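Please look through the sequence and the structure below before reading on. The report that follows takes up helices, sheets and strands in turn.

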Amino acid sequence: MGFKDFQLKIAKKLRLRNFLAKEEGYKKRETNNGKRLSWMMPITHGYYVAEEKPLGGGAPPQTPQNNQVECDKVVVQREQVEEQEWWFYGVFDTRIGGGVTKYLQTHLFDDNFNESQMRKKSKETLKKAHVHAKAKVRETERLEKTWNMGSASAIVINGEKLILANMGEYKVVVCKDGEAFEINRRQQHTTKSHWSHKFFPVVVKRLPKVRSTALDSGKGAAANKPSKSSELVVGSERIDRDIEFVILASPGIWEVMKQQEAVNLIRHLEDPQEAAECLAKEALTRRSKSNVSCLIIRFE
């Protein structure tokens, strides 16, 4: 083999190596881009609203105007934004559910924003939707500030980001690798994107002031009393492989069980509809005295 032939073979090997390296780079970029597609993170949901009267002699909340018992309002809405899939989920006090949904539809989904603009505005718009709806109810029904209104809601952006909000005694609980987390009231205004700044494990005892007395005791005695305020808490977090599911639930769930109890109860159930029914029926079995409604969002 001559020297020229040897050089030619070396050149061919170098070209082949460069070609394979480029192909590998393309595949990596395609894989990374693929992570942004919602079908790479399948999302399923299920919900249950107990229409029967709670056990134990209690009764569901009543509206102040007509003194009639009303069930919670559950909302599941899907929107296609350019190439992105958006989901809006909510479990609401029936008085504000329609107002929150209408505000989001008008000021976020129907406002001709592009995908980037919607992402930037989603958290603030969800917050404004709750504030606006609550103000409308108070104006219409002339409610006192002490009247308890609540909601638990979530926006899932293309299977990769969560925007969460809860108000009053309604709660949003995230199961992250088997551990229950709720929105951190004290850290919700932080600018750092990290679980420790926006969520905290409900089993941690050094933050007792963040949680209500009813959730700390697990007996629910304080949950039966009207809340002094309908505090709104909003948070956001990226969805990673450790996030298994999200629970949105009414006071009837949380007055009879702690967040970690709820997670442990349904974690083994892959069907979110079955999980929602299991959670609600367990609350009824435990003689919950408030409205029992829950919605499960599962990421696979």
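## Helices H2 and H3

In this predicted model, the axes of helix H2 (residues 94-109) and helix H3 (residues 115-141) come within 8 Å and cross at roughly 140 degrees. Here helices (H or I, at least four residues) and strands (E, at least two) are DSSP runs, numbered from the N terminus, while axes are lines fitted to C-alpha atoms, for helices over the stretch in contact, and angles run from 0 to 180 degrees between N-to-C directions.

The crossing of H2 and H3 is right-handed; a crossing is called left-handed if the near helix is turned anticlockwise from the far one by less than a right angle, and right-handed if clockwise. The residues of the contact of H2 with H3 divide into 11 nonpolar, 6 polar and 5 charged, where Ala, Val, Leu, Ile, Met, Phe, Trp, Tyr, Cys and Pro count as nonpolar, Asp, Glu, Lys and Arg as charged, and the others, Gly among them, as polar.

## How the model is read

Residues are numbered from 1 along each chain as its sequence is written, and side-chain values use heavy atoms, with hydrogens and water left out. Because the model is predicted, local features need pLDDT of at least 70 and side-chain atom pairs count only at pLDDT 80 or more, whereas totals for chains, interfaces and linings use all residues.

## Helices H7 and H8

The axes of helix H7 (residues 259-266) and helix H8 (residues 272-285) come within 9 Å and cross at roughly 130 degrees, and H7 and H8 are therefore oblique to each other. The crossing of H7 and H8 is right-handed. On the H7 side the contact (heavy atoms within 4.5 Å) is made by Ala262, Leu265 and Ile266, and on the H8 side by Ala275, Cys278, Leu279 and Glu282. The residues of this contact of H7 with H8 divide into 6 nonpolar, no polar and 1 charged.

## The sheet of five strands

Strands of a sheet pair through backbone hydrogen bonds, either parallel or antiparallel. In this chain, an open sheet of 5 strands has the order S2-S3-S4-S5-S9, with antiparallel pairing; two strands count as paired if DSSP finds at least two bridges between them. S2 and strand S9 (232-238) stand at the edges with a single partner strand each, so one side of each has no neighbour in the sheet. From one strand to the next, the twist averages 10 degrees. Helix H2 packs on this sheet, touching S2, S3, S4 and strand S5 (161-167), and the direction of H2 makes about 160 degrees with that of S3.

Strand S2 (residues 73-81) and strand S3 (residues 84-92) run antiparallel and are joined by 9 bridges, with Val91 in S3 as the bridge partner of Val74. The hairpin of S2 and S3 has 2 residues between the strands, and Glu82 takes a positive phi near 55 degrees there. S3 is also joined by 7 bridges to strand S4 (residues 151-157), again antiparallel, and the partner of Trp86 in S4 is Ile157.

S9 is mostly covered, as 6 of its 7 residues are buried.

In strand S11 (residues 293-299), 7 of the 7 residues are buried, so S11 is largely enclosed by the rest of the structure. Ser293, Leu295, Ile297 and Phe299 point one way from S11, and Cys294, Ile296 and Arg298 point the other way. In a regular strand the side chains alternate between the two faces of the sheet.

Strand S1 (residues 43-49) pairs with S11 in the antiparallel sense over 7 bridges, and Tyr47 stands opposite Leu295. Strand S10 (residues 243-249) pairs with S11 in the antiparallel sense over 5 bridges, with Arg298 as the bridge partner of Phe245.

Conventions. Parallel < 35°, antiparallel > 145°, perpendicular 65-115°, else oblique. Buried < 20%, exposed > 50% of the residue type's maximum accessible area, 1.4 Å probe, protein only.
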